[in-house]
Amino acid sequence: MMTPSAYAWTEGETLAQHFESRGVSRRDFVKFCSEIAVALGLGIAAGPRIARALESVKRPSVIWLQLQECTGCVESVLRTADPTIGDLLLDLISLDYNHTLMAGAGAAVERAKQSAMAANKGKYVLVVTGSIPTKEGGIYTVVGGRTAEDLVKEAAEGAAAILAVGACAHWGSVQAARPNPTGAVGVRDIIKNRPIVNIAGCPPIGDVITATIVHYLTFGRLPAVDREGRPLFAYRERIHDQCSRRAHFDAGQFVESFDDDSARKGWCLYSVGCKGPATFSPCPIFQWNTRTNWPIGAGHPCIGCTEPNFWDTMTPFYGRLPNVGGFPVEQRVDTIGAALAIGAAAGVAAHAAATVFTQIRRRKATHQVPETGPETENDDG
Amino acid sequence: MTAPGGAATGRRRINLFGLGRPLSRERGNFTWVYLWSAPIRATHWIAAACVVVLIVTGFYIGRPYFMTSGEASAHFLMGRVRFIHFTAAAVLIMAGIVRVYWLFAGNQFERLPALFPVTPKNVHNMLRTAGAYLTFRPDKQPSLVGHDPLQQYAYTGLYFMALVMVVTGSTMYGQSNPGGIIFRAFAWVPLLLGGLQRVRLLHHVLAWAFIIYVVIHVYFTIRSDYVERVGRVSSIITGGRYISTDEPYEDYDINQVPAHQWPTPEHPNPKKEA
Ligand code: SF4
Ligand code: SF4
């Protein structure tokens, strides 16, 4: 894969002209657009329409901030389904700033970022990966002497739209997991006045990022989102309902440990903690690493990485029920429940025994008095 | 009106360790009062059956303890168990709807205000009941025809537990049709609890609460039959129980109601007689 800086994009050139000059065939371009159209859930017929819309697009500027993160999301983008799509994406946009892909370094690229932001003010797309540490004045992530919070605020100022890419950028991910030592938060906690789309996942599938950017370029707005701010075209369906192992779930065939016979047979991973029933993600459809496979396909339960605060809410990854406040509920809830039920039964038995005992004693006492004695007046039900 | 107590009729009965001998109300005059109308009794037993089915199937869904073998296409075990679970839940919800209707149509013991005994007198009675349980003095319990406040709060609490079960269960059920009516109607639940897994956890924990509840509930009703001898267990089948006519009741003026309105052995069908 070439770095974007290898392409020369003349000022004012449209995408069609640019592709022509680079020798990208129109056929390849329409094919790319058709794949994106399918990913967006628009149907393959929408491909040419997207192509027409994109052709006239002037190359939009994208500023990509990498903050408190692991670079996994960039890796994921570089592994979009078809390698040429990744190329095309980087062709579609002018990636003016990205730590991993930039050829340059140091003060020069910081200056380049400033000038790109100034030149495209109010028009560029801001992509953020990584969380924003807020404790101790934000010293946990500092780039060029400035804190992550500072950088995000500055970049968001002139952004037309923000893509919070990955669990870190929206919920803080593992950094924000209890006890969140660095006070990590997502972009949405810092920036309130810009449209933010949540490309959820740890990392998200590269195609989702590509398709979202294309959607923005084609329609001039971000795609429709669900209650968590995730694009519906990708996150509408639940893993469990699209899973290749679902037949085994319905049949009652479960893997109980990773080395048992059921695991070899490819049965459902529910009993080893699969979070597919609680996770909305296109993994089974888009898959990973140029459609090689996906976690459940490879025999690992879904860990629910596209869901809010999954390090706190989806752990333990290999158990059905979540822990609460660090308390291992999963291991104990049935033990505690059974203990309480047995305790209740024992308490009831003890109470019953004491009741019978006291009743017999009082009966003996009562029956020593005449039948019409006043004591009966008090024997009230 | 006859007294059903063994001592009053002078019948001999088998008396193992004195267990068979009635204590309270064994002498005096009794009458039968009709307390629980048919919808209450029907929903009680429908709900009881549903809860048992829901607990058994729910624990399977939470942790599948049986497995099938061979081709997946030949089996539908989890599918069937979930179907039974959802069907039982639907029946329980319908029973709940009838109960809600009866909160407005029922008699004084079944109506909405009866669910919340909040007056100072009620609170006092609740403490008296708790004290009577703790000291094993059934004779110290308040004199009530309907539920005592402690019992009533336990039942009201059960209604709320069932409501939380229905809400959390419906939330999970709705996930299989994202964007559907049920999904959208309960979209606030995962947001409120902090994720679907928390919804799942609450549902699971309350299942245990139901088990514990059933143990205690069954015990106290049977115990009440033993110490009070007023036929409380059968009241949820026949609709009524015996009360003494010798003593006033806090929640019921027996003199206001003509005797023939209550079915008694002599007047099995008072409505026709009237
Ligand atoms: S492996 Fe996970 S997502 Fe797939 S059917 Fe089983 S529980 Fe559902
Ligand atoms: S299968 Fe689940 S855990 Fe894995 S990447 Fe997809 S959503 Fe995340």
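Colleague: By class, what does the lining of the largest cavity have?

Modeller: Its lining has 8 nonpolar, 2 polar and 2 charged residues. Asp, Glu, Lys and Arg count as charged, Ala, Val, Leu, Ile, Met, Phe, Trp, Tyr, Cys and Pro as nonpolar, and the others, including Gly, as polar. This is a predicted model, where local features need pLDDT of at least 70 and side-chain atom pairs pLDDT 80 or more, while totals for chains, interfaces and linings use all residues. Residues are numbered from 1 along each chain as written, chains are lettered from A and ligands numbered from 1 in written order, and side-chain values use heavy atoms, without hydrogens or water.

Colleague: Which residues line that largest cavity?

Modeller: Among them are His240(A), Arg245(A), Phe249(A), Tyr270(A) and Ile296(A). A cavity is a set of points on a 1 Å grid over the protein atoms alone where a 1.4 Å probe fits but cannot get out; lining residues have an atom within 4 Å of a point.

Colleague: Changing topic, which residues are around ligand 2?

Modeller: They include Trp288(A), Cys302(A) and Cys305(A), each with a heavy atom within 4 Å. The shell has 6 nonpolar, 4 polar and no charged residues.

Colleague: And Thr355(A), buried or exposed?

Modeller: Buried, because its relative accessibility is 1% and buried means under 20% (1.4 Å probe, protein chains only).

Colleague: Which residues is Thr355(A) in contact with, leaving aside neighbours within four places in sequence?

Modeller: Phe136(B), Tyr219(B), Arg223(B), Tyr226(B) and Val227(B), where contact means heavy atoms within 4.5 Å.

Note on methods: 1 Å grid on protein atoms, 1.4 Å probe; cavity = no way out; pocket = protein on both sides within 12 Å on 5 of 7 lines; lining within 4 Å. Buried < 20%, exposed > 50% of the residue type's maximum accessible area, 1.4 Å probe, protein only.
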